[in-house]
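These are my notebook entries on one structure. I go helix by helix and then turn to the chain as a whole.

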Amino acid sequence: MNDTLKQLDQVLKQRKQNAEPDSSYVASLHSKGLNKILEKVGEEACETIIAAKDAQLSGNSKEIIGECADLWFHSLVMLSHLGEDSSAVLKELERRFDLSGLDEKASR
């Protein structure tokens, strides 16, 4: 599964560095700056919440999966804009494996 994230990290980095904003959605987001990217992350987070509530009512998870993909994608664009990628998030998740969630939260 990490291969997909690695591939996406590479594509995002390439589009950030080499693509023209009029030819790439990712490049257009980067050209508009962090605030626009954060706006998209927030928008996708709200859409994910609504889709989760709808999925609970309908029993159909198709929309929530799509919205989660959009949220993850835009979060990765945000990380890319800040010079990071998915590997940093995966390392942090791996670090938390042997911690109680309650202990980890209390340590912040």
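I looked up what covers the buried residues of H3, and the cover includes H2 and H4. The model is predicted, so to speak of local features I need pLDDT of at least 70, and side-chain atom pairs count only at pLDDT 80 or more, while totals for chains, interfaces and linings use all residues. Residues are numbered from 1 along each chain as its sequence is written, and side-chain values use heavy atoms, with hydrogens and water left out.

Helix H3. I list Ile37, Lys40, Val41, Glu44, Thr48, Ala51 and Ala55 as its buried residues. Buried is under 20% relative accessible area, exposed is over 50%, and partly exposed lies in between (1.4 Å probe, protein chains only). Helices (H or I, at least four residues) and strands (E, at least two) are DSSP runs, numbered from the N terminus. From first C-alpha to last, the 25 residues of H3 reach 35 Å, close to the 36 Å expected at 1.5 Å a residue; the expected span is 1.5 Å times one less than the number of residues. Gly59 follows H3 and has a positive phi, near 80 degrees.

Val41. Which residues does Val41 contact, leaving aside its neighbours within four places in sequence? I find Leu71, His74, Ser75 and Met78, where contact means heavy atoms within 4.5 Å.

Helix H4. I checked its length: 20 residues, reaching 29 Å from first C-alpha to last, close to the expected 28 Å. Its buried residues are Ile64, Glu67, Leu71, His74, Leu76, Val77, Met78, Leu79 and Ser80. They pack against H1, H2, H3 and H5. Just after H4, Gly83 takes a positive phi of about 85 degrees.

Core. I looked up the largest nonpolar core and found 11 residues: Leu5, Leu12, Val26, Leu29, Ile37, Val41, Leu71, Leu76, Val77, Met78 and Leu79. Such a core is a set of buried Ala, Val, Leu, Ile, Met, Phe, Trp, Tyr and Cys residues joined through side-chain atoms within 4.5 Å. At least two of its residues come from each of H1 (2–18), H2 (25–32), H3 (34–58) and H4 (62–81). H4 gives the largest share, five residues.

H1 and H5. The axes of H1 and H5 (residues 86–95) come within 9 Å and cross at roughly 145 degrees. Axes are lines fitted to C-alpha atoms, for helices over the stretch in contact, and angles run from 0 to 180 degrees between N-to-C directions. Asn2, Leu5 and Asp9 of H1 meet Ser86, Ser87 and Leu90 of H5.

Leu90. Is Leu90 buried or partly exposed? I note it as partly exposed, because its relative accessibility is 22%. Leu90 sits in H5. Leaving aside neighbours within four places in sequence, Leu90 contacts Asn2 and Leu5. Ser61 is 29 residues from Leu90 along the chain, with 25 Å between their C-alpha atoms.

Whole chain. I count six helices and zero strands. The C-alpha trace spans about 45 × 35 × 25 Å along its principal axes. Of the 108 residues, 26% count as buried. Among contacts between residues at least 6 apart in sequence, 56% join residues at least 24 apart. The chain exposes about 7800 Å², and carbon and sulfur atoms supply 55% of it. Accessible areas come from the Shrake-Rupley method with a 1.4 Å probe; for residues, only the protein chains shown count as cover.
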